[in-house]
Amino acid sequence: MHGAVAVDFGATSGRYAAGWLEDGQIRFEVIEQIPHSAEDKGGKLFWNITDILGLAKRAAEYAGSHFESPTVGIDTWGVDHGFLDKGGKLLQPPICYRDQSNLAAFELLKPHRARLYELTGIQHQPFNTICQLVARRMEDAAFPTSVGSWMILPDLLAYLLTGQRNHELTQASTTQLLGLDNRWSEEAFAIAGWPVPDLQPQMPGQLGGEIQPGVRIAHVGSHDTASAVCGFGELGADQMFLNVGTWSLVGSVIEKPLATPEAEAAQFTNERTVDGKVRFLKNIPGFYVINRIHEELGLKNTVPQWLAVATPVDERIDLVHPDFYNPQSMVETCSGMVGRTPKTDSEWAGLALASLTYTIAKQPAQLQSLIGQKFTSLRVGGGGSQSEAFCQSLADESGLTVYAGPAEATVLGNLAMQFLASGQIGSAAEMRQIVARSASTKVYQPRSG
């Protein structure tokens, strides 16, 4: 059987899924899933590259033993990267975007923010790749010239598996170093104090090198939200998208970047789609806040079970506030924001749920004012789309019809791009049709009152 294997890493877990084409649809099965998290080593947060790379290797082995002429596509969260020495050896594990060193770099770049937005159209966030590169330069002034090269995590994994370097476009667009013309911005790199990479970003949908005999890398939309948006199929002009997991990424697809002062002030970002269009979106905390509260409260039921018994509360917290970046205690931070401590677990669930949906529900009006498009519905994918309590609350809070699903939009989009790259799907138009047939949704209408 012809098939492909999608490797998908979020900020808290990684998995791989085997997929194939059957009756005009993409079918897939998740084969393995592992938890992973950043590890504190000497006061710095590193990702466990051994575990991450190990899962990718097992995915390639599975592909080679189960499919004929298979491909493997890798997607992850954005911005994080690894460094190679001049001989091509990995210098250290990738540093996590939540490392506190990024905050000092973020402040150092403050005088350049307006210009960086003009150049890149990317939302100002302390975890952007440009901040991380500046942090490394602050630690070692010679590092930018002594290092051989750097690659964002999916491209780094592909290099470690095949020996071929690449910068994929959708990931490059998360760095705040990509120009509006889809090429590295020389001025942005000059502001960062780093040399411009010798390789320009490439569009996804291409085959890369061999991992093992007969198993090739396929360069997919390697930013997980780019794969998720691909996994939604065709989005209507009046339809927003939301991919909700650890982070919530909410926005719409537009033809060209919009890097105006108004867009900058509203904190919208211009990341790329798999076909080179723009995911005009806002990156806000998602279930990260909810999961942290759940963990700190020591609850034994699952997060969906906890949210299902949420008690309505009057308070709402805007989760875009910088205090939610990586607080020592999410419970104390939330209590401080509302001026009281919820008395019961169900009241905590009510506050967490209402705050997340409130923060997301503010975005349609902002987006409409920026691009002049009225929205009637919201397409929701990712793990959060499986929470009925969240989806109904979101419909009620936003006044929009919510179409929830597929929960595995990222895997679906990853596989679709692999089949396009390998020629099993003949065109982008055919791919969108196949994705639409492969995805199921559940509809939530807003309730009055």
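The structure is a predicted model, in which local features need pLDDT of at least 70 and side-chain atom pairs count only at pLDDT 80 or more, while totals for chains, interfaces and linings use all residues. Residues are numbered from 1 along each chain as its sequence is written, and side-chain values use heavy atoms, with hydrogens and water left out.

Helices (H or I, at least four residues) and strands (E, at least two) are DSSP runs, numbered from the N terminus. Two strands pair if DSSP finds at least two bridges between them. On this basis, six strands form an open sheet with mixed pairing, in the order β3-β2-β1-β6-β10-β9. The edge strands of this sheet are β3 (25-35) and β9 (206-212), each of which pairs on one side only. Neighbouring strands are turned by 25° against each other on average, direction ignored; axes are lines fitted to C-alpha atoms, for helices over the stretch in contact, and angles run from 0 to 180 degrees between N-to-C directions. Strands β1 (residues 2-9) and β6 (residues 68-75) run parallel and are joined by six bridges. Within this pair, Ala6 stands opposite Gly73 in β6.

Helix α17 (residues 409-421) lies across β1, β2 (13-22), β3, β6, β9 and β10 (215-219), and runs at about 135° to β1. Helix α18 (residues 428-438) also packs on the sheet, where it touches β2 and β3, and its direction makes about 70° with that of β3. Contact here means heavy atoms within 4.5 Å. The 13 residues of α17 reach 18 Å from the first C-alpha to the last, close to the 18 Å expected at 1.5 Å a residue; the expected span is 1.5 Å times one less than the number of residues. Of these 13 residues, 12 are buried, where buried means under 20% relative accessible area, exposed over 50% and partly exposed in between (1.4 Å probe, protein chains only). The buried residues of α17 include Val411, Leu412, Leu415, Met417 and Phe419. After α17 comes Gly423, with a positive phi near 90°.

A second open sheet, of seven strands with mixed pairing, has the order β13-β14-β12-β11-β15-β16-β17. Strands β13 (269-272) and β17 (442-444) each have a single partner strand, so one side of each is left without a neighbour in the sheet. Three bridges join β16 (residues 401-404) to β17, and the two strands run antiparallel. Lys442 in β17 is the bridge partner of Ala404. Helix α16 (residues 388-398) packs on this sheet, touching β11 (239-244), β15 (377-381), β16 and β17.

A nonpolar core is a set of buried Ala, Val, Leu, Ile, Met, Phe, Trp, Tyr and Cys residues joined through side-chain atoms within 4.5 Å. The largest has 49 residues, of which Leu242, Phe280, Ile293, Trp306 and Phe390 touch the most other members. Helix α14 (residues 345-361) gives the most to this core, with seven residues.

Most residues other than glycine have a negative phi, and most peptide bonds are trans. The peptide bond from Gly405 to Pro406 is cis, with omega near 0°, and Pro406 is found in the loop between β16 and α17. Gln176, although not a glycine, has a positive phi of about 65°; at 3% relative accessibility, Gln176 counts as buried.
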